[in-house]
Amino acid sequence: MTSSNSQSMKPATVAKKLGIYLPATPQEFQDSSISREEFAELQANPPEWLAELRRNGPHPRPVVAQKLNVSISGLARGGVEDALTTAEITELLQAPPQWLVTERATHAAVRSEAQRVKDEAAKKAATKEARDNAAAKRDAPKTSKRDHA
């Protein structure tokens, strides 16, 4: 591979990185590989079709889950298997069905527990570091004023 050749990505990879639903993209996009430079250009200056997809969808399940504040598994448990448009997501948010209320509560509890575990681990690490520092200080050779003279 020469330096003039740039690494290219499959359309599915680019769609995932851009947070768009691949089947909703233009056929030309689906049929071509995209270089890193072209990807950077898509991010910096999105064409109208990309801006429209991001604005109105259909959105892939990870984006739908994020917008509804649930997990991807929660979407599946709620029966959402396909991409949703922004209008469909808004409709769900305005009149949430019972599964959405339940899944949002579950997702919030899981995030809260994950934060608690992270905080506890950080506290343990800080305590261990303090103990190690105290032990190192205690075990360090003692010097007197005569040693420095």
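Contact, as used throughout this passage, means heavy atoms within 4.5 Å. On that basis, residues 24 or more positions apart account for 60% of the contacts in the chain with a separation of 6 or more. The structure is a predicted model, in which local features need pLDDT of at least 70 and side-chain atom pairs count only at pLDDT 80 or more, whereas totals for chains, interfaces and linings use all residues. Residues are numbered from 1 along each chain as its sequence is written, and side-chain values use heavy atoms, with hydrogens and water left out.

The secondary structure of the chain comes to 9 helices and 2 strands, where helices (H or I, at least four residues) and strands (E, at least two) are DSSP runs numbered from the N terminus. Read from the N terminus on, the elements follow the order β-α-α-β-α-α-α-α-α-α-α. Of the 149 residues in the chain, 21% are buried, a class defined by a relative accessible area under 20%, with exposed meaning over 50% and partly exposed lying in between (1.4 Å probe, protein chains only).

Helix α5 (61-68) contributes Val-63, Val-64, Ala-65 and Leu-68 as its buried residues, and these buried residues pack against α6, α7 and α8. Two packed helices are described by the angle between their axes and the distance between the axes. For α5 and helix α7 (residues 86-94), the packing angle is about 30° and the axes are 10 Å apart; the axes are lines fitted to C-alpha atoms, for helices over the stretch in contact, and the angles run from 0 to 180 degrees between N-to-C directions. That angle makes α5 roughly parallel to α7, given that angles under 35 degrees count as roughly parallel, over 145 as roughly antiparallel, 65 to 115 as roughly perpendicular and the rest as oblique. The crossing in which α5 passes α7 is right-handed, a term applied if the near helix is turned clockwise from the far one by less than a right angle, with anticlockwise giving a left-handed crossing.

At this contact, Val-64, Lys-67 and Leu-68 in α5 meet Ile-89, Leu-92 and Leu-93 in α7. The residues of the contact of α5 with α7 divide into 5 nonpolar, no polar and 1 charged, where Ala, Val, Leu, Ile, Met, Phe, Trp, Tyr, Cys and Pro count as nonpolar, Asp, Glu, Lys and Arg as charged, and the others, Gly among them, as polar.

Backbone features are found in the loops on either side of α5. In the loop between α4 (48-56) and α5 lies Pro-58, and the peptide bond from Gly-57 to Pro-58 is cis, with omega near 10°. Just after α5, Asn-69 takes a positive phi of about 65°, a value that occurs here in a residue other than glycine. Asn-69 belongs to the loop between α5 and α6 (72-77) and, with a relative accessibility of 32%, counts as partly exposed.

Side chains of opposite charge can pair when their charged atoms come close. With a salt bridge defined as a side-chain nitrogen of Lys or Arg within 4 Å of a carboxyl oxygen of Asp or Glu, the count comes to 5 salt bridges. Among them, the side chain of Arg-55 meets that of Glu-48 at 3.2 Å, N to O, and that of Glu-52 at 3.1 Å, N to O, and Glu-48, Glu-52 and Arg-55 are thus described as linked in a network of salt bridges. Arg-55 and Glu-52 both lie in helix α4, 3 residues apart, about one turn of the helix.

Elsewhere in the chain, Glu-28 lies in helix α2 (residues 27-30) and is exposed, with a relative accessible area of 68%. Glu-28 and Pro-11 are 17 residues apart in sequence and 10.0 Å apart in space, C-alpha to C-alpha.
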